[in-house]
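Thank you all for coming; I would like to walk you slowly through one structure this morning.

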Amino acid sequence: MLERVRCNLCGADDTTPVAEIDGFHIVRCRQCGLVYVNPRYREELLQEIYTEEYFDHDGIKNGLEFFGYDDYLADEENIKITFAKRLKTIERYARKGRLLDIGCATGFFLDLARSKGWEVVGSEVSSFSGHYARERLGLDVRLGTLKELRFDPQTFDVVTMWDVIEHVVDPMGELREVRRILRDGGLLSLITPDVGSLVARILGSRWEEFRRVREHIYFFSRRTMTEMLRRADFEVLRIESADKVFYLGPAMHRLKYYTWDGMITNAAAKLVYRLGLDKIRININPLTKMTVYARKRG
Ligand SMILES: [Zn+2]
């Protein structure tokens, strides 16, 4: 069921422990610094978790505190506000044309990009969310991994991967495949947790992204992400910490995972709901994820 893997960035098999969560070992490569889960579930088992439940469930699943999304669909408006900002930045770096969103989930980003004049295609491994995107939003979404789908070479102007690369079995191979299907000078934009961020370093094994150990198998820092992109023949244009729009209520609930005194944050969360402030929108930059913009080298 479990397999041992070598470092996906440099190929070494030389690690030092970082954290142990729910029986899984998170290690750091001594040669290049890449952080990953080792040993880990085989690929077939990793794929099995992206069911409907992944996008809509209550509380603890499979004994894990953190897993998937509480209710992705109910958060549609906030997700779209966040996506609109990202698309604006993309439009500063890329000419409007054909866009592929890898791991497009229910298609909210594609729907937005299409409304702004982009020609859009999505890929998704979860048949629940892929079908949602197709049937409810009428989007061109293909089911499968990027490698299985074999898109034609040099056919996209932009490829996006929101919170995807940390789930992928072979991220280096994935980036090379992205390079192959991008036009010369095309743009890749991705978001992934930043293991080098101050929050990650302070929280250690309490860091939420580590606790998602069944779905997250790689943890990049700005340095390891830049190095992997360089080796896949991309030039990094910009890296910044990713912000996100939340409702105040759910944001207060999540706060308890980041503090040592759950009583105080629970009481504060209750107060927010009682005062009817839970649906107020706030823009938070938790400084734990990075947004990367990189250009394919010609
Ligand atoms: Zn390495």
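What geometry does the site of the zinc ion have, given the angles among its 4 donor atoms? The model is predicted, so local features need pLDDT of at least 70 and side-chain atom pairs count only at pLDDT 80 or more, while totals for chains, interfaces and linings use all residues. Residues are numbered from 1 along each chain as its sequence is written, and side-chain values use heavy atoms, with hydrogens and water left out.

The site is tetrahedral, with angles of 99 to 116°, where tetrahedral asks that all angles of four donors lie between 85 and 135 degrees. The zinc ion is held at 2.3 Å by the SG atoms of Cys7, Cys10, Cys29 and Cys32, donors being N, O and S atoms within 2.8 Å of the metal, or 3.2 Å for Na, K and Ca. Along the chain these donors are spaced as C-x2-C-x18-C-x2-C. Because Cys7 sits in the loop between β1 (2-3) and β2 (15-21), and Cys32 in the loop between β3 (24-29) and β4 (35-37), the pair ties together parts that are 25 residues apart in sequence; strands here are DSSP runs of E with at least two residues, and helices are runs of H or I with at least four. Cys7 and Cys32 are both buried, that is, under 20% relative accessible area, with exposed over 50% and partly exposed in between, for a 1.4 Å probe and protein chains only.

Let me turn to Asp163, which is found in the loop between β9 (156-162) and α7 (171-181). Asp163 is also buried, at a relative accessible area of 18%.

Terms used:
Tetrahedral: all angles 85-135°; square planar, octahedral: opposite > 155°, others 65-115°.
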